[in-house]
Amino acid sequence: MEEMLEDPPTSAVLLDHCHFSQVIFNSVEKFYVPGGDVTCYYTLTQHFVPRRKDWIGIFRVGWKTTREYYTFMWVTLPTDLNSKSTQQQEVQFKAYYLPKDDEYYQFCYVDQDGVVRGASIPFQFRPENEEDILVVTTQGEVEEIEQHNNELCRENQELRDSCVSLQKQNSDLQDELRKKQEELETLKSINKELEQKAKEQQDSWETELLQLKEQNQKMSSENEKMRVRVDQLQAQLSAQEKEMEELIRGDQDNAEQLEYLKRENSQLLRSLTEQREQQKKLEQTVTELKQEEATALKKQQELTDQNFDLSRRLSENKIIYDVLLKEKERMERENDVLKSENSRLMRYMDLDFDFPPGQGPASDQGSTGRNPGLVYGNPYTGIQESSASSLLSSKRCPACKSDFMGDICDHTLEQQLVQTLYCPICDKSFSATEEQIFQDHMFCHSL
């Protein structure tokens, strides 16, 4: 037999037959064909109430306790216990779990307490045509079968007798149960009144208990506050005692410190007197250093003015130098022009003419300063020489009595340059009246 997922509730106590009539099995066959499912029909009596863990088991005849079941199936609870149609129930056993031998078995209804509430008549699992098969048995086997049949008949009669007695007991029990139910109803009404009174009493007790709890809570909170206040006062007292001790020690320390401060004050006074004397000496030294510093600053200012004056003069000289350099270059260019003109004139004066036939050039002694090709000389010679000499002749400045070449004397040119100031860096010109502006302009270039 295959094990079930959950074992049914059983009992190891040897049971009697007093409860077997509460569930009645119907339509139980004498035998069932092996290999087919078996449907078990049963009827619930009026005074039996099924429960969730009730079950129906197949037991071999001769069982003693509910633990000796071969297989079982859980019962199905009816939806309405008061309906007559729901009292007729059935459960189906699968062929796989049924016995394979030809022993006698019976159905038993077992409740969730392990108590048997009903039992069926015995039956077998054998083929349907087994009665038609000729069985050859010995006399001993026949006697054994007859003896077994007699035992079964006797057991069946005992079961019938027990069933009659059980039915009688059941009727008696039903009468007794009815009386008990009436008593139970009376007890329920009395119990209900007692429960009502108990509930009212419990409500009053709960109200009083709630009031007591509130009072207890208030007292507890007040006690807690008092305890906290006592702890705070004790802590304050301890702190005040510690502060008193610290103040006493502090007074002693202050007295010692005051004495120490007095001694230190006298020392500081002496050192202060010495520092004042040193301060006076330092003040005198500082006054002398200030005077020396003023003198040095004055000298530095004078040197700065001189340096600025020299820088200004240097700038002016540099400007004059640049102007003169430019004038020199201009005069050199003019001199080159004059030289080229002079060379051209000289070439013109020395130009040769063709001699007439039969005449030759005159000797050098009689023709000095004349053209040798002319008998009476070159009539333009004096003019050309005078022109050349006039071109190469120098002039004299009436102001400084110095000779100069060209149209402007250097003295006059210097005066003109002094009247006009030129920046050597950016070639910007300034008039003589804008000398300060020119100096500021040059100073900006030097930054």
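**Entry 1: cysteines**

I looked for disulfides, meaning pairs of cysteine sulfur atoms within 2.5 Å, and the structure holds 0 of them. The model is a predicted one, where local features need pLDDT of at least 70, side-chain atom pairs count only at pLDDT 80 or more, and totals for chains, interfaces and linings use all residues. Residues are numbered from 1 along each chain as its sequence is written, and side-chain values use heavy atoms, with hydrogens and water left out.

Cys-153 has 52% relative accessibility, so it counts as exposed. Cys-444 is exposed because its relative accessibility is 53%.

**Entry 2: helix 4**

Helices here are DSSP runs of H or I with at least four residues, strands are runs of E with at least two, and both are numbered from the N terminus. Helix 4 covers residues 435-446, which makes 12 residues. From first C-alpha to last it reaches 17 Å, close to the 16 Å expected at 1.5 Å a residue; the expected span is 1.5 Å times one less than the number of residues.

Which residues of helix 4 are buried? I noted Phe-438, Gln-439, His-441 and Met-442. Seen down the helix axis, these buried residues fall within an arc of 160 degrees, so they line one face of helix 4. The arc is taken from the directions that run from the helix axis to the C-beta atoms.

**Entry 3: aromatic rings**

I searched the whole structure for aromatic pairs and found 20. Rings of Phe, Tyr and Trp (its six-membered ring) pair if their centres lie within 6.5 Å; planes under 30 degrees apart count as stacked, over 60 as edge-to-face, and the rest as tilted. Phe-59 and Trp-63 have ring centres 5.1 Å apart and planes at 40 degrees, so this pair is tilted. Phe-59 is buried at a relative accessible area of 1%, and Trp-63 is buried at 14%.

Phe-107 and Phe-123 form another tilted pair, 4.6 Å from centre to centre with 35 degrees between the planes. This pair links distant parts of the chain, since Phe-107 is in strand 7 (residues 104-110) and Phe-123 is in strand 9 (residues 123-125), 16 residues apart. Both count as buried: Phe-107 has 0% relative accessibility, and Phe-123 has a relative accessible area of 0%.

I also noted a cluster linked by ring pairs, with Phe-107 and Phe-123 among its members. Others in the cluster include Phe-25, Tyr-32, Tyr-42, Phe-48 and Tyr-70.

**Entry 4: charges over rings**

I counted a charge as over a ring if NZ of Lys or CZ of Arg is within 6 Å of the ring centre and within 35 degrees of the ring normal. The charged end of Lys-53 sits over the ring of Trp-74, 5.3 Å from the centre of that ring. Arg-126 lies over the face of Phe-31, at 4.0 Å from the ring centre.

**Entry 5: polar contacts**

A polar contact is a pair of N or O atoms within 3.5 Å; within protein, one must be able to donate a hydrogen and the other to accept it, and residues adjacent in sequence count only if both atoms are side-chain atoms. Thr-43, in strand 3 (residues 38-44), is buried at 15% relative accessibility. What joins the side chains of Thr-43 and Asn-26? I found a polar contact of 2.4 Å.

Gln-124 is in strand 9 and is buried at 12% relative accessibility. A polar atom of the Gln-124 side chain lies 2.8 Å from the backbone oxygen of Asp-102.

**Entry 6: two loop residues**

Leu-98 lies in the loop between strand 6 (88-93) and strand 7, and is buried at 5% relative accessibility. Its C-alpha atom is separated by 8.1 Å from that of Tyr-70, 28 residues apart along the chain.

Ser-27 is in the loop between strand 1 (23-26) and strand 2 (31-32). Ser-27 has a positive phi of about 55 degrees although it is not a glycine. Is Ser-27 buried or exposed? Ser-27 is exposed, with a relative accessible area of 55%.

Technical notes:
Buried < 20%, exposed > 50% of the residue type's maximum accessible area, 1.4 Å probe, protein only.
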